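Hi there,

Here is the structure I promised to pass along.

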Amino acid sequence: MATTAHCAYCFEILAADLEHREPLEYNRVQDLWTQHQSLNKLKAAETEEQEDGDPDIQDGDDIEDDNSEMDGIEEQDDHREEAEEEAPNPAGSTLRLPSINRLQGPSPSSGSSSSTPSSLSTTSSRAALGDASKSSSSTSFFSFGSRRSQQPSPDSRPREEARPLFVTWNTISTRGHKSLRGCIGTFDAQELSAGLRSYALTAAFDDTRFSPISLSELPTLSNSITLLMHFEPASHALDWDLGTHGIRITFQHHSKRYGATYLPDVAVEQGWTKEETITSLMRKAGWNGRRETWRDVKHLSVVRYQGSKATLGWEGWKAWRRWVDGLA
């Protein structure tokens, strides 16, 4: 399941790159994020207990204990799943905070290789975007590698979960309007420490639809992580459910092969029908035929899949980072 800790790691990777510093390692971010969430829950519970205290309670009155919970981050679309992070209950245990020298350990060694995002189209991805919405938070490219691919550092923990994944960066205006700033992912299963580190930077800097994200933009950003699962071939082009499935299409037109994908939340965000989604996705891939003739395209195949999504804004990450810096 995607969690806000995954988003926090992407923010950490991007901020460290722009600030020319070493980022915290994946496992360290996961641990510290969990501790911070636990502290927040404990503080919220104590505050609620104090606010609910009644000095006039008489002997013999029944008192009910209220359990306080901090809600996880809510998705912006009510039609898709809410990705929440569960933090362990700090009650009955002492929260151990790591010393600052443990936080500043060396980052994993890195190598780089060259690649560019792809929509599996032999035509320009920019030209394919004509009919697709430019404001969708999840309209995305996918690639099968990254120029910033990093190897995870050795760790004694069990082997990490590996998933196909997409990293999305959006900007949030002062009025709360969301605009896509970069989105790239892969259908190849990635161990999350390496995959998130790689695609956090690739989506920020290598999405050819946009200029690279700058340091000054950090406070305007929101990050979303989508982990992909449950891939299955559709029996026909419309054999999938709005708000549940993402779709990946391939087809042949004029002796050329094309392909593209939309994540599960795109069609719902745009208010599209299934047919409108298919034609938009075909145009994204590079098809320029008339909308009403899409069924005539040869060898159109659809693979449907589902996704687990989490979202985190800059303020949430920055509050956590200030707490981490304060551990010194």
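**Charges and cysteines**

On the surface, Glu 46, Glu 49, Glu 51 and Asp 52 gather in a patch of negative charge. Please keep in mind that this is a predicted model. Asp 52 belongs to helix H2, which covers residues 26-52, and Asp 52 is partly exposed at 44% relative accessible area.

Next, the salt bridges: a search of the whole structure finds 13 of them. One of them pairs Lys 309 with Asp 265, at 2.4 Å from N to O. This pair links distant parts of the chain, 44 residues apart: Lys 309 sits in strand E7 (residues 298-313), while Asp 265 is in the loop between strand E6 (256-262) and helix H5 (266-270). Both Lys 309 and Asp 265 are buried.

Glu 12 and Arg 21 also form a salt bridge, with their closest N and O atoms 2.8 Å apart. Here Glu 12 is buried, with a relative accessible area of 0%, whereas Arg 21 is partly exposed at 25%. Glu 12 and Arg 21 are linked with Glu 19, Arg 321 and Asp 325 in a network of salt bridges.

Glu 161 and Arg 163 make another salt bridge, at 2.8 Å from N to O. Glu 161 is partly exposed at 32% relative accessible area, and Arg 163 is partly exposed at 26%.

And the cysteines? The search finds zero disulfides. For Cys 10, the closest cysteine sulfur is that of Cys 7, but the 6.5 Å between them is too far for a bond. Cys 10 is buried, at 0% relative accessible area; Cys 183 is buried, at 0%.

Best wishes

Technical notes. Residues are numbered from 1 along each chain as its sequence is written. This is a predicted model: local features need pLDDT of at least 70, side-chain atom pairs count only at pLDDT 80 or more; totals for chains, interfaces and linings use all residues. Side-chain values use heavy atoms; hydrogens and water are left out. Patches are made of residues with over 30% relative accessible area and no salt bridge: like charges are joined within 9 Å, nonpolar side chains (Val, Leu, Ile, Met, Phe, Trp, Tyr) within 5 Å. Accessible areas come from the Shrake-Rupley method with a 1.4 Å probe; for residues, only the protein chains shown count as cover. A salt bridge is a side-chain nitrogen of Lys or Arg within 4 Å of a carboxyl oxygen of Asp or Glu. Lys and Arg count as positive and Asp and Glu as negative; His and the chain ends are not counted. The place of a charge is taken as NZ of Lys, CZ of Arg, CG of Asp or CD of Glu. Helices (H or I, at least four residues) and strands (E, at least two) are DSSP runs, numbered from the N terminus. Buried means under 20% relative accessible area, exposed over 50%, partly exposed in between (1.4 Å probe, protein chains only). A disulfide is a pair of cysteine sulfur atoms within 2.5 Å.
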